[in-house]
Amino acid sequence: MKRIGVLTSGGDAPGMNAAVRAVVRTALNEGLEVYAIYEGFQGMVDGGKRFKPMQWGDVGGILHQGGTIIGSARCQAFRERPGRLKAARNLLLHGIDGLIVIGGDGSLTGADVLHREWTGLLAELVANYEISQEQADKHPTLAIVGIIGSIDNDMFGSDLTTGADTALHRIVEATDAITSTAASHQRSFVVEVMGRRCGYLALMGALASGADWVLIPESPPDVDDWETKMCDVLRKGRQVGRRDSLVVIAEGAQDRKGNPITSAYVKEVLEKRLGEDTRVTVLGHVQRGGSPSAFDRNLSTLLGYDSVQAIRSMDPAGEPLVIGMRGNQITRTPLDKCLHFTEAVGEAVRAGNFEQAMTLRGRSFRESFRTVRTLVRALPHDPVPGQVRRRIAILHSGGPAPGMNTAVRAAVRLGTDKGHTMLGVSNGFPGLARGEIRELDWMSVTGWATRGGAELGTNRVLPQGRDFYAIARTLEEHNIEGLLLIGGYTGYRGVLELYAQRHNYPAFNIPIVCLPASINNNLPGAELSVGADTALNSIINAVDKIKQSAVASRRTFVVEVMGQYCGYLALMGAMASGAERVYMHEEGVTLQDLVRDVEQLTTGFKRGKRLGLLIRNEKANTVYTTEFMRALFEEEGGELFDVRQAILGHMQQGGDPSPFDRILATRFAAHCVEYLEKQIGEAEPVSATIGETGGELKFTNLEDIPRLMDKQFPRPRRQWWMQLREMARVLAQPAPHEQNNEETA
Ligand code: ADP
């Protein structure tokens, strides 16, 4: 295969640009020619100028842009065979025999049809004398790879689809704003989000915003008179002191009989039955718009990169594939399987088979729904007679990580709902030693779902010496039977210390579970920690602005990011912002590196480059500091370019948690509470850390944690994301034969 085409089709989705950029650059790097087909299938049918060969620089500076720079459309003509005949002819005229289609299930269905009809279409074109037999023989097959671009996350084949995370950002920005005004006036709000067939955005939006009720198509309210049930919950909530009520509704919400439930109807119900001033906000296209989130930029980049690898290596006559993600693993699934399962959910919903619809959506969707249903309760369930009530303490330790509060709230509510007494420890291990403990009841964590910082307080102080005795006393005095640590590296170390001392202090012989919360993402047993996604978003927002500030001059920026000894934020920040070079401690920095980088910058600027962007982890090298690099590059850049440094600092630890972090924190917390429940009372309780690997939640025995840690530096010995370095390099620097087309980012 020599020449491939890439198109974006159907509803646009933030992140499509990142995918296009990755496809183009990876293809060029692999020695393929790549054409963008503008305006989706419409462009394919129209041909001519809609087919444009792409160079390295054509996809520069687009990572941060919403929508799709190559245009998208809905195309009626392509739904009919004559339209597809034209499309096939145009592909043939341009010598394209591989297609990467970025779109929703409609677009991918269209691509599938084209693939299946290919031979027939060519035969017809030959018969009509529109192409020669020789031309047809040269392109006997059309290889197709799909990337799901859909803000609704409504398709089988990827845990998350391009655009869904950004849409959640827009939703959460809106609900956060709305809840603050709603609380001031004690109002009710109904927020309608997109999702005609899929409740993903509504469900996760509700989970992330701490909403009071949610309505989705796949799981309609389980009673006929759901209006009464909903109003009861909201009324009780008011009685116990909630100042606002928020109902999140998917546009396709329905009752069990299949009658639509509209936002206007919900408003009417709330006004009539609760006598509350109720406002409706229909978010609409806001959810499609705006700059893509860090997650969407990196997800789409990965998918775009792999789609080219896949199209190169697959059997050209083979079945089309969809490239998706499961956890952090890239997956390749036959397109017809993806379409089949996607359709199956739709059918189950239409047939009123909601149980099956939820099963098809997958375990984590079902679980989240259950969690939301508990979290929205005004008050916990009444205790079940004979229920064992435990006393579980929650503690932070380590640097602040956005999402800590979210995790505490979820743990408190889910624990309380099961009848346990949940206790909050203030100020980390020192607080635990001093006995700073209070009970956290259901209402005490109201509003914590969305709040940055750490209400309980956190610090990086490890217990030592007499602290252990004091901690043992606190645990005994408060009858603490299980401990949940929500924190970072210091927290993990502290817990390991307690664990090591459990033979000296029987009070430590309780199950302890660690929930990873650190912007650095440097914790063993977890691929991702709570807080890292928020920090990454803070980084790219800052870098986007920094890049814009350099419009007029030829300038290079050295941006320093946090991460301690872990390069995660640096590498992922570089990928999401299009930086050309990343420095991290894991790889070190040598003088030769710097000499080479100076040369590369100089060559680039001589060829007309206007902006250089280098991202450096704070601890990449103790001698070659950010200031050192700035001075070195400035000196060497001479008249050609100037250099500025930007040390992003503590803004990376601040801010309200991103939707991704809120969801992760809630999921982790729910499982940690269940875990503690199981372990408390066991003769030999097992302590563990929680994490997600390959899309599955997993507990790692505390005994195994030291082995997973790097011996010298505070980070895991194996870091999954290190394998992304090669891809980051490919996308950041043009291959030698491409360098004449160099542009920025
Ligand atoms: P999305 O891709 O976002 O689901 P649509 O459902 O509107 O958006 O599909 C986008 C385009 O894909 C349609 O305008 C049409 O050109 C093409 N398409 C959709 N379904 C089919 C089909 N069954 N056969 C051929 N083309 C289709």
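Here are legends for a few close-up views of this predicted model.

**View 1. The open sheet with strand order β7-β8-β6-β9.** Four strands make up this one, and they pair in parallel. β7 (213-215) and β9 (278-282) sit at the edges with a single partner strand each, so one side of each has no neighbour in the sheet. On average, neighbouring strands here are turned by 15 degrees against each other, direction ignored.

**View 2. Strands β6 and β8, with helix α6 lying across.** β6 (residues 188-193) and β8 (residues 245-250) run parallel and are joined by 6 bridges. Look for Val-193, which stands opposite Ala-250 in β8. Helix α6 (residues 164-185) lies across β6, β8 and β9, and runs at about 170 degrees to β6.

**View 3. Strand β19 and its buried residues.** Of the 7 residues in β19 (residues 611-617), 7 are buried, so the strand is largely enclosed by the rest of the structure. In a regular strand, side chains alternate between the two faces of the sheet. Here Leu-611, Leu-613, Ile-615 and Asn-617 point one way, while Gly-612, Leu-614 and Arg-616 point the other way. Both sets are buried, Asn-617 and Arg-616 included.

**View 4. Parallel pairing of β19 with β17 and β18.** β17 (residues 555-561) pairs with β19 over 7 bridges, and Phe-557 stands opposite Leu-613. β18 (residues 581-583) pairs with β19 over 3 bridges, with Val-582 opposite Ile-615. To get from β18 to β19, the chain passes through helix α20 (residues 591-606), making a right-handed β-α-β crossover.

Terms used. Residues numbered from 1 in each chain as written. Predicted model: local features only at pLDDT ≥ 70, side-chain atom pairs only at ≥ 80, totals over all residues. Heavy atoms only, no water. Pairing = 2+ DSSP bridges. Helix = DSSP H or I, 4+ residues; strand = E, 2+ residues; numbered from the N terminus. Axes fitted to C-alpha atoms, helices over the stretch in contact; angles between N-to-C directions. Contact = heavy atoms within 4.5 Å. Buried < 20%, exposed > 50% of the residue type's maximum accessible area, 1.4 Å probe, protein only. Right-handed = clockwise from strand over helix to strand, strands pointing away.
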